[in-house]
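Q: Can you walk me through this one while I have it open? I'd like to go contact by contact.

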Amino acid sequence: MALRTVSRRGLAGLSRNGGGLGLGLGLVTVRGLKTFTLPDLPYDYGALEPYISGEIMQLHHQKHHQTYVTNFNKALEHLDQAMDKGHSPTIVKLQSAIKFNGGGHINHSVFWKNLTPVREGGGEPPKGSLAWAVENQFGSLDSLVQKMNVEGAALQGSGWVWLALDNDQKRLSIETTFNQDPLVAKGSSYVPLLGIDVWEHAYYLQYKNVRPDYLKNIWKVINWKYASDVYEKECP
């Protein structure tokens, strides 16, 4: 994520569940307000082919993610104005736009880091303590992947399927969230290790309405090193 400066009060720092963990927040000042910017991808749009097409990646990043960022900033600016005026109805009304668009920004900022080209290790299984945790809780990596694919395929409408670390229990957890709800909306103890976008815009141009095929192939470019780094940071 990238962050620029929309409030005299400033924005509270995003929690580790969505805003920390090296998500690339960058800060710029515009009229004394903090606003967010679209993060660059750490690879070319076509680098994940043939599993995710360059056309999908470009549209997903430049159009969909950018729209969440733009509307998040607008909502925050309107919130700042409403706070100055002490207008409670507007403050309350804006919460849904902030959650939806802010969640879209948080989720996609994690998602881009969850992917990496095959030539850079995409699809290589986790190592170290995360590999042990997966084996201990799910029996095998294949079993975990199968469970996540089932959850992702069964999710009605749009949303996300996550491999999360429950920091209270120090256990892995498979979770789903609807629309653009960020994982933190399910509980402050959840840290996202991997998130898979199951909105149709993430796959329709290539996989049409066959979400299970998309879920099967995306594991070929999953960045388990990123997930392992986050896990080891949280469970040293």
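Q: Which residue forms a salt bridge with Glu175?

A: In this predicted model, Glu175 forms a salt bridge with Lys186, and the closest N and O atoms of the two are 3.0 Å apart. The pair links distant parts of the chain, since Glu175 sits in strand 5 while Lys186 belongs to the loop between strand 5 and strand 6, 11 residues apart.

Q: And is Glu175 buried or exposed?

A: Glu175 has a relative accessible area of 12%, which is under the 20% limit, so Glu175 counts as buried.

Q: How many salt bridges does the structure hold?

A: The structure holds three salt bridges. One of them joins Lys99 to Asp181, with 3.8 Å between the closest N and O atoms, and this pair connects helix 2, where Lys99 lies, with the loop between strand 5 and strand 6, where Asp181 lies, 82 residues apart. Lys99, with a relative accessible area of 43%, is partly exposed, and Asp181, at 23%, also counts as partly exposed.

Q: What does Asp229 form a salt bridge with?

A: Asp229 forms a salt bridge with Lys225, their closest N and O atoms being 3.1 Å apart. Both residues lie in helix 7, which covers residues 224-234, and they are four residues apart, about one turn of the helix. Residues three or four places apart in an α-helix point the same way, because there are 3.6 residues a turn. Lys225 is exposed at 58% relative accessibility, whereas Asp229 is partly exposed at 40%.

Q: Switching to aromatics, how many pairs are there?

A: The count comes to nine aromatic pairs. In one of them, the rings of Phe100 and Trp199 have centres 6.2 Å apart and planes at 55 degrees, so the pair is tilted. Phe100 is in helix 2 and Trp199 in the loop between strand 6 and helix 5, so the contact ties together parts that are 99 residues apart in sequence. Trp199 counts as buried at 17% relative accessibility, while Phe100 counts as partly exposed at 33%. There is also one aromatic cluster, formed by Phe111, Trp112, Trp160 and Trp162.

Q: Last topic, helix 1: where does it bend?

A: Helix 1 bends by about 30 degrees at His60. The 32 residues of this helix, 54-85, should span 46 Å at 1.5 Å a residue, and the end C-alpha atoms are 46 Å apart, which agrees. The helix is followed by Gly86, whose phi is positive, near 65 degrees.

Key
Residues numbered from 1 in each chain as written. Predicted model: local features only at pLDDT ≥ 70, side-chain atom pairs only at ≥ 80, totals over all residues. Heavy atoms only, no water. Phe/Tyr/Trp six-rings, centres within 6.5 Å; stacked < 30°, edge-to-face > 60°. Helix = DSSP H or I, 4+ residues; strand = E, 2+ residues; numbered from the N terminus. Buried < 20%, exposed > 50% of the residue type's maximum accessible area, 1.4 Å probe, protein only. Expected span 1.5 Å × (residues − 1). Bend = angle between axes of the 7 residues up to and from the residue. Salt bridge = Lys/Arg side-chain N within 4 Å of Asp/Glu carboxyl O.
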